[in-house]
Amino acid sequence: MLGRFLQHAPENFLNTQQMQDVRAGRRGFLAHAFAAATAAASAGAARAQTSQGDPYILELPAHSKGLGQPVAARPYGQPSEWEKNLQRRESPGLTRVGQASVSFCPLQGLFGIITPSGLHFERHHQGWWDIDPAKHRLMVNGSDDTMLERPMVFSMDELMRLPSVSRMHFIECGANTGMEWGNTAVPTVQYTHGMLSCSEFTGVPLRTLLELCGADFKRGTFVLAEGADGSGMTRTIPMSLVLSGEVLVAYGQNGEMLRPENGYPLRLIVPGVQGVSWVKYLRRIKLGDMPYATKDETIHYVDLMPDGMHRQYTSIQEVKSVITSPSGGQVLLDNGFHSITGLAWSGRGKIKRVDVSSDGGRNWKPARLEGPVLPKCLSRFNADFVWDGKPAIFQSRAVDDTGQIQPGYRELRQVRASRSIYHNNAIQSWALDESGEVKNVQLG
Ligand SMILES: Nc1nc2c(c(=O)[nH]1)N[C@H]1C(S)=C(S)[C@@H](COP(=O)(O)O)O[C@H]1N2
Ligand SMILES: [Mo]
């Protein structure tokens, strides 16, 4: 009989409850299906070998007997049909219109540190565009005539002739985890932490462009970056970041041109700094001698402090981490071994260590940091967990190489209170109950 099961989808190995669990989380499914398939395969193989004339012989599936698809049936590759559920998603009701909204990255289903470009989170203030690169220009000018010897206008061709660099960096919206300041608000890691992605970006250091224009680096202490979409996105970048060579005028993302949703054909890369400063559809860089206090630096992207004052120009994304599996909405099907996996990052440098707890922070053990561990880049961590069937609370706590330690909610609220939106880097807790369900919780 077992040989027959091999003709069927893995669904046949699972009961109704387990199938519900499968829909809730794919990790448990994988573990279970793998065990079941291995057991069935070895039993089936044994039967097939020893049962000449047995009506229940192993039947090969169609894909082992027929012709597959030809090459170039899909000139641009697509994920498997079986992976359709892994999508970036909007949080219903979060914004009034889809043009000024967010789609969240499905962190729970990703491996390693690089975000596939088609799953990169999106944040648009006024919708996205697919701008004709032949018509796009980047102007570099100064706030007065003496800031630059030669203000210049670059075409994409001209920019792409210049020496380029490729670097892996995370981008995190300053509002990531912003719904969780008061209490738990959303169920899954996709919504708590999914305004986070990581790519290899290729472009020209902004410093090189300013040098070409003969910038006065003594007087020019800030640049203003301006986008070409209707949002009037303009952000002040301190010159210290530009002079470090880290700030890029980028056209490449994961080996190909930027995706339209992510700023095609040109965007600013400001490693370690909140996403809003990574101006998309970049059309102008203006050199000046003071911060510009634009609308997105005064009424938005300011931190409401406990004394009622607003803090401006918080740019660095502080050290943070999150367990992506097991995480909210997933289900552990069985007792026994499970792999805890997650991401850690810091806008100040490299991740030095990540500790993991399964008892709500009473005991911690170091997680394995998987390489490469790069500055201002996502780092993947893994830790072993053997489930005894009792409730557990998973947490991760990251430390960066400047010695910054990710805070708990109690510590963070002491200095930031609970009515802010931006820059929540608190330790995330996921509670596992006896039925195997994992939920978003906060510990007081
Ligand atoms: N021109 C322009 N640049 C922009 C924005 C925008 O709406 N228009 N949104 C900003 C914000 S708030 C974030 S978090 C990032 C998001 O980048 P992504 O859509 O590539 O994820 O882009 C930033 N750059
Ligand atoms: Mo953002």
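View 1. T115 counts as buried because its relative accessibility is 3%. (Buried means under 20% relative accessible area, exposed over 50%, partly exposed in between, with a 1.4 Å probe and protein chains only.) This is a predicted model: local features need pLDDT of at least 70, side-chain atom pairs count only at pLDDT 80 or more, and totals for chains, interfaces and linings use all residues. Residues are numbered from 1 along each chain as its sequence is written, chains are lettered from A and ligands numbered from 1 in the order in which they are written, and side-chain values use heavy atoms, with hydrogens and water left out.

The loop that holds T115 runs between strand 1 (101–103) and strand 2 (122–124). (Helices, H or I of at least four residues, and strands, E of at least two, are DSSP runs numbered from the N terminus.) Which residues does T115 contact, leaving aside neighbours within four places in sequence? They are C105, L110, H120, S197, C198, S199 and N254. In sequence, T115 and E200 are 85 residues apart. In space, their C-alpha atoms are 9.2 Å apart.

**View 2. Ligand 1 is shown with the residues around it.** There are 22 residues around ligand 1. Those that come nearest are F121, D229, N262, R267 and K280. (Near means that a heavy atom of the residue lies within 4 Å.) Which element gives the largest share of this shell? Strand 2 does, with three residues.

**View 3. Polar atoms of the protein meet ligand 1.** Start with F121. One of its polar backbone atoms is 2.6 Å from an oxygen atom of ligand 1. Next comes D229. Here a polar side-chain atom lies 2.8 Å from a nitrogen atom of the ligand. Then find H120. An N or O atom in the side chain of H120 is 3.3 Å from an oxygen atom of ligand 1. H120 also belongs to the contacts of T115 in View 1. (A polar contact is a pair of N or O atoms within 3.5 Å; within protein, one must be able to donate a hydrogen and the other to accept it, and residues adjacent in sequence count only if both atoms are side-chain atoms.)

View 4. T294 lies in the loop between strand 12 (282–288) and helix 9 (295–298). Is T294 buried or exposed? T294 counts as buried, because its relative accessibility is 12%. Its side chain reaches the backbone oxygen of T234 at 2.8 Å. Not counting residues up to four places away in sequence, T294 touches L224 and T234.

**View 5. Two cis peptide bonds are found in loops.** Most peptide bonds are trans. One cis bond joins S325 and P326, with omega about 0 degrees. P326 has its place in the loop between strand 15 (320–325) and strand 16 (336–345). Another cis bond runs from G371 to P372. Omega there is near -5 degrees. P372 is found in the loop between strand 19 (368–370) and strand 20 (379–387).

View 6. Most residues other than glycine have a negative phi. The phi of K376 is near 55 degrees. K376 lies in the loop between strand 19 and strand 20. It counts as buried because its relative accessibility is 13%. A417 is not a glycine, yet its phi is about 55 degrees. A417 is found between helix 10 (409–416) and strand 22 (429–432), in a loop. A417 counts as partly exposed because its relative accessibility is 25%.

**View 7. L443 follows strand 23.** L443 sits in the segment after strand 23 (438–441). Its relative accessible area is 33%, so L443 is partly exposed. Leaving aside its neighbours within four places in sequence, L443 is in contact with G360, I393, Q395 and S429. Now find G408. L443 and G408 are 35 residues apart in sequence. Their C-alpha atoms are 8.7 Å apart in space.

**View 8. The protein chain is shown as a setting for the close-ups.** The chain has 444 residues, and 48% of them are buried. Its secondary structure comes to ten helices and 23 strands. Consider contacts between residues at least 6 apart in sequence: 70% join residues at least 24 apart.

Note on methods:
Contact = heavy atoms within 4.5 Å. Near = heavy atom within 4 Å.
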